[in-house]
Amino acid sequence: MTDNTEIGKIIGSNSHIDYICEIYTERMRENSPNPTDYEFGEFVYIKKTIENQECAFIGVIYDTQIVDPDQGRTGPRLAQPEEQNVFQPSYVDEKQILTGIAILGHADLEDGEIVEADHSIPRWTLEVDDVVRKLPEDQVVRFHELNDELHLEYYQRIVDVAGGFAEDILSQILDQLKQKRPEEADALDVIQKNLEWETKMEGM
């Protein structure tokens, strides 16, 4: 893939398809990611080798949390910040940005390019410290092309994982696909109208 921007690493999970990514800071990476690299609705991938086959877990950022270790902490400290690593090596003394990643599917890779996408839930799991990368736009489209047609078989999965953010994420994805595949705009419009109708009915 032409864009291999590393945005962070996996530090935990809420379920088999819901992972937590810590965004790299300037202290972790010389070229830390820009805010636009990990924005809401950004597609990401995690490269893995499964049974000697290079593959990618494909996901989308559906939520963000910021963490400030100093927030609410008062009183004397054991050590000054610069001495914290000596007294408490595991202590997190840096502000963090954490993103939630919903896994949408997986794909085989050849020469770093998606060759066979699958929107089913991967049987395998990610691991702590797996690197999360931004998925290039051309690969986003390729991930949705199954048998030469656009598919969103993960639709219900986003609704389940992202909850109240699902409509915004799905609308963003549909708009992105319509720009890249205008010949599919009519079919995508039908999905978008159904989404708007479902959201409206749930709100009544």
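His 119 touches Leu 104, Gly 105, Phe 143, His 144, Leu 146, His 151, Leu 152, Glu 153, Tyr 154 and Arg 157, with residues up to four places away in sequence left out; contact here means heavy atoms within 4.5 Å. The residue sits in the loop between strand S6 (113-118) and strand S7 (131-134). Helices (H or I, at least four residues) and strands (E, at least two) are DSSP runs, numbered from the N terminus. His 119 counts as buried because its relative accessibility is 1%; buried means under 20% relative accessible area, exposed over 50%, and partly exposed in between (1.4 Å probe, protein chains only). The side chain of His 119 also reaches the backbone oxygen of Phe 143 at 2.8 Å.

The model is predicted: local features need pLDDT of at least 70, side-chain atom pairs count only at pLDDT 80 or more, and totals for chains, interfaces and linings use all residues. Residues are numbered from 1 along each chain as its sequence is written, and side-chain values use heavy atoms, with hydrogens and water left out.

**Overall layout**

The protein has 5 helices and 9 strands. Along the sequence they follow the pattern β-β-β-β-α-β-β-β-α-β-β-α-α-α. Of the 204 residues, 42% are buried. Among contacts with a separation of 6 or more, 68% are between residues 24 or more positions apart.

**The nonpolar core**

The largest nonpolar core has 46 residues, and those with the most contacts inside it are Phe 43, Ile 58, Val 132, Tyr 154, Ile 158 and Ile 173. Such a core is a set of buried Ala, Val, Leu, Ile, Met, Phe, Trp, Tyr and Cys residues joined through side-chain atoms within 4.5 Å. Tyr 154 touches Phe 43, Leu 104, His 119, Phe 143, His 144, Leu 170 and Ile 173, again not counting residues up to four places away in sequence.

**Buried polar and charged side chains**

Arg 133 is in strand S7. Its relative accessibility is 16%, so Arg 133 counts as buried. Beyond its neighbours within four places in sequence, Arg 133 is in contact with Asn 4, Thr 5, Glu 6, Ile 7, Phe 43, Val 44, Tyr 45 and Lys 47. Arg 133 and Asn 4 are 129 residues apart in sequence and 6.1 Å apart in space, C-alpha to C-alpha.

Asp 130 lies in the loop between S6 and S7. With a relative accessible area of 13%, Asp 130 is buried. Asp 130 touches Gly 8, Lys 9, Ile 10, Ile 46 and Lys 48, not counting residues up to four places away in sequence. The C-alpha atoms of Asp 130 and Ile 11 are separated by 8.2 Å, and the two residues are 119 residues apart along the chain.

Gln 192 belongs to helix H5 (residues 185-202). At 10% relative accessibility, Gln 192 is also buried. Leaving aside neighbours within four places in sequence, Gln 192 is in contact with Ser 171, Leu 174, Asp 175 and Lys 178.

The table gives a side-chain to side-chain polar contact for each of these residues. A polar contact is a pair of N or O atoms within 3.5 Å; within protein, one must be able to donate a hydrogen and the other to accept it, and residues adjacent in sequence count only if both atoms are side-chain atoms.

| Side chain | Partner side chain | Distance |
|---|---|---|
| Arg 133 | Glu 6 | 3.2 Å |
| Asp 130 | Lys 48 | 3.0 Å |
| Gln 192 | Lys 178 | 2.7 Å |

**Packing of H2 and H4**

Helix H2 (residues 137-144) packs with helix H4 (residues 166-180) at an angle of about 100°, and their axes are 11 Å apart. H2 is therefore roughly perpendicular to H4, a term for angles of 65 to 115 degrees. Axes are lines fitted to C-alpha atoms, for helices over the stretch in contact, and angles run from 0 to 180 degrees between N-to-C directions. H2 contributes Glu 137, Val 140, Val 141 and His 144 to the contact, and H4 contributes Ile 173, Gln 176, Leu 177 and Lys 180. These residues divide into 4 nonpolar, 2 polar and 2 charged. Ala, Val, Leu, Ile, Met, Phe, Trp, Tyr, Cys and Pro count as nonpolar, Asp, Glu, Lys and Arg as charged, and the others, Gly among them, as polar.

**Positive phi in two loops**

Most residues other than glycine have a negative phi. Asn 52 has a positive phi near 65° and is found in the loop between strand S3 (43-50) and strand S4 (53-67). Asp 111 also has a positive phi, of about 55°, and lies in the loop between strand S5 (96-110) and S6. Asn 52 is exposed at 80% relative accessibility, and Asp 111 is exposed with a relative accessible area of 78%.

How values were computed. Angles under 35 degrees count as roughly parallel, over 145 as roughly antiparallel, 65 to 115 as roughly perpendicular and the rest as oblique.
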